[in-house]
Amino acid sequence: MDISAILEDIREHWHVYATMPFIAALIGYITKRVAIEMMFRPLEFVGIKPFLGWQGVIPANSRRMATTAVDLLTKNLVDPQEIFSRLDPEEVVKELEEPLLKAVEDVTREVMEQYQPRLWELLPTRAQRLLVDQVRAQAPKVVARLMREVSTNIDEVLDVNEMLINAMVRDKSLTCRLIKEVATPELRFIARSGIWFGFVIGLVQFVVWALTKQPLIMPIFGFVTGFVTDWLALKMIFYPREPRRFLFFSWQGMFQKRRQAVAKDYGALIADEVLTVRNVMEAVLTGPKSDKLFAMITREVQRTIDTQASIAKPLVALTVGGVQYQEMKKAAAEKAIAYLPETVKHVESYATDALDVRNTIVTKMQQLTPLEFEGILRPAFQQDEWKLIAVGAVIGGLVGELQVLLLLH
């Protein structure tokens, strides 16, 4: 080994050698940025299936990601029974009073005009008002009774897991945001770490090239830079789970270290975009278990009509137990259900405050074990992280080969 010849070569081509660690740092950064973007973009598959193309790792696995996130929510963070028991039936009735009484009056008039049109028209206005007022007086009691039954048997009318998974799968960008916004500092760290890791590897590359002048050195080091920096960055996010100390130094996985901030961001996202009152209402009214809710409403409406039958009979000549009477009860229940979506919108603000999903999640997340806490973000990387590392390595190798062409030609 001729040291003087090596030093002479470095002196003569100093500008080439000087660029090596910087190009390696650039490779480290670019491969990280590409890996991060490939996690989230594109939302839909682009290319020719099944031969060539790509879809963001998270959008491509949105159902698996959503299922993992929902499992964490319902097992460790949110107890649907406990959450919905916070709704006070009397307060719900108070919030719904105006739209509820309006809906009850409309339903009563529509049903009477449909099944007893002539008699209804012949009734004095005062008699019509008396009948409507009798039904309106029962409505708040019926709603309060229904609320108590629903809140104590929420699983019978709402499949929380299915609701949350469907909301996240339907909107792939929501699943991406759930990870991207919560892990913004970690993703930024991954990209920036590539610069420092790459620079160090570039210094080693500098020495090896000076000693060997082998063209394979550049693509190999580019490949290693892409591979190692991706792998190290991902590991440093999550490990170690507990703080470690050595002399005056202490370190911990970045995600674990940010537990309080992550809990606040995650709680806000879930409360504002996933487990919202609007989503709950939609799931209750249109979900797979909505029939049970409608059965409850039908039963209560028909019970109310039966209670009022003795008052209504002298006025409208209804025959209790008759075919027409049964049809009228069924129609009244159907109309009440039809008014339901518009009516319950008026309770959204109260329900959001009462359920207090955000603070519940924040509090529960801070009580998770480090392993459970890691499960919030780790599934987004774990199963498919090899793809991201492999892509980083390949890009690094290609850039290294480009370096060779520039050096030799």
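A residue is called buried when its relative accessible area is under 20%, exposed when it is over 50%, and partly exposed in between, with a 1.4 Å probe and protein chains only. By this definition Asp 356, at 31% relative accessibility, counts as partly exposed. The structure is a predicted model, in which local features need pLDDT of at least 70, side-chain atom pairs count only at pLDDT 80 or more, and totals for chains, interfaces and linings use all residues. Residues are numbered from 1 along each chain as its sequence is written, and side-chain values use heavy atoms, with hydrogens and water left out.

**The chain as a whole**

- The protein chain contains 23 helices and four strands; helices (H or I, at least four residues) and strands (E, at least two) are DSSP runs, numbered from the N terminus.
- Of its 409 residues, 46% count as buried.
- Among contacts in the protein chain with a separation of 6 or more, 80% join residues 24 or more positions apart, where contact means heavy atoms within 4.5 Å.

- An unreviewed UniProt entry places the feature "transmembrane region" at residues 14–31, 189–211, 217–238 and 388–408; the positions are given in the numbering used here, feature names are shortened, and annotations may be inferred rather than shown by experiment.
- Residues 189–211 are 100% helix and 0% strand, with the end C-alpha atoms 33 Å apart.
- Residues 217–238 are likewise 100% helix and 0% strand, and here the end C-alpha atoms are 32 Å apart.
- The axes of helix H12 (residues 184–212) and helix H13 (residues 217–238) come within 8 Å and cross at roughly 150 degrees; axes are lines fitted to C-alpha atoms, for helices over the stretch in contact, and angles run from 0 to 180 degrees between N-to-C directions.
- The crossing of H12 and H13 is right-handed. The contact between these two helices has 17 nonpolar, seven polar and one charged residues; Ala, Val, Leu, Ile, Met, Phe, Trp, Tyr, Cys and Pro count as nonpolar, Asp, Glu, Lys and Arg as charged, and the others, Gly among them, as polar.
- A crossing is left-handed if the near helix is turned anticlockwise from the far one by less than a right angle, and right-handed if clockwise.
- Thr 225 has its place in helix H13 and is buried, because its relative accessible area is 2%.
- Beyond its neighbours within four places in sequence, Thr 225 is in contact with Ala 24, Ile 27, Gly 28, Gly 198 and Ile 201.
- The C-alpha atoms of Thr 225 and Gly 392 are separated by 8.4 Å, although these residues are 167 residues apart along the chain.

**Residues in other helices**

- Val 107 is found in helix H6 (residues 89–115), and it counts as buried because its relative accessibility is 10%.
- Leaving aside neighbours within four places in sequence, Val 107 is in contact with Ala 332, Lys 335, Ala 336 and Tyr 339.
- Asn 279 belongs to helix H16 (residues 277–286) and is buried, with a relative accessible area of 16%.
- The side chain of Asn 279 reaches the backbone oxygen of Val 274 at 2.8 Å. This is a polar contact, a pair of N or O atoms within 3.5 Å; within protein, one must be able to donate a hydrogen and the other to accept it, and residues adjacent in sequence count only if both atoms are side-chain atoms.
- Asp 71 lies in helix H4 (residues 62–77) and is partly exposed, with a relative accessible area of 28%.

**Loops and backbone features**

- A cis peptide bond, with omega about -15 degrees, joins Arg 41 and Pro 42; Pro 42 is found in the loop between helix H2 (14–40) and strand S1 (46–48).
- Gln 55 is found in the loop between strand S2 (52–54) and helix H3 (57–60), and it counts as buried at 17% relative accessibility.
- A polar atom of the Gln 55 side chain lies 2.7 Å from the backbone oxygen of Leu 43.
- Residues touched by Gln 55 include Arg 41 and Pro 42.
- Asp 356 lies in the loop between helix H19 (348–355) and helix H20 (357–365), and its phi is near 50 degrees, a positive value in a residue other than glycine.
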